[in-house]
Amino acid sequence: MILSIHAIVGAVLASNSNSIGQAIILGLVSHYFLDSIPHVEYTIKNIQKGDLKTAIKEFVNISIDLIVSLAILLYLIQNKNFDQTILILTGSFFALLPDGLYFIDCLVKNKNRNIFTKFLKMHSDFHAKTHSNIASFKIQLITQIIIALALLFFILFK
Ligand SMILES: [Zn+2]
């Protein structure tokens with residue numbers, strides 16, 4: 001799943017929560033839930049291989065995705081008070097965190113180095129299990145469009 005969708009869903013859900021704890025849980029749960037729905041995503045194969053020269057395109061994709069996420073987040077926190085802003089940013093951060101942890105794990109060569117690298121590996125295995133394994137591009141695209149339209153509706157008309 002692209003990061004922007006995780007960021008927006010986490011933000012929208014957290015904007016309706018009334019505590020940091022709720023925002024954290026909503027952010028995390030939304031991530032694994034969205035990943036379980038068939039979705040289109042870009043590859044980070046070269047980053048995983050540690051081949052940083054050929055991974056430039058993948059870093060560009062991630063950067064664009066994060067910039068789009070940030071732009072939408074800035075739009076969402078407009079005219080919000082301090083407490084609401086904190087909730088929205090917290091929800092969004094925790095909705096992105098699983099992919100952040102997965103990304104860091106990809107960069108770790110020795111997974112048994114310490115308790116943190118072991119945790120990252122455990123998390124990546126769990127993350128992989130929650131992922132949809134439907135490979136049909138048509139289904140991935142259709143479900144992704146439905147999610148994007150639902151989000152647009154929430155952002156514009158709620
Ligand atoms: Zn994920």
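Helices H1 (3-15), H2, H4 (56-76) and H6 (115-130) are among the elements that cover the buried residues of H5. Helices here are DSSP runs (H or I, at least four residues), numbered from the N terminus. Buried means 20 or more other C-beta atoms within 10 Å of a residue's own; exposed means 12 or fewer; partly exposed lies in between, with C-beta atoms placed from the backbone.

This is a predicted model: local features need pLDDT of at least 70, side-chain atom pairs count only at pLDDT 80 or more, and totals for chains, interfaces and linings use all residues. Residues are numbered from 1 along each chain as its sequence is written.

The buried residues of H5 include Leu87, Ile88, Phe94 and Pro98. H5 bends by about 40 degrees at leucine 97, shortly before proline 98. That bend is the angle between axes fitted to the seven residues ending there and the seven starting there.

The largest nonpolar core has 22 residues. Such a core is a set of buried Ala, Val, Leu, Ile, Met, Phe, Trp, Tyr and Cys residues joined through C-beta atoms within 7 Å. H1, H2 and H5 each give two or more residues to this core. H1 gives the largest share, 9 residues.

Two residues show contacts (C-beta atoms, placed from the backbone, within 7 Å).

| Residue | In contact with |
|---|---|
| alanine 7 | Ser69, Ile72, Leu73, Ser92, Ala95, Leu96 |
| serine 36 | Thr130, Ser132 |

Serine 36 lies in H2 (residues 20-36). Serine 36 counts as partly exposed because it has 14 C-beta neighbours inside 10 Å.

Note on methods: Lists of a residue's contacts leave out its neighbours within four places in sequence.
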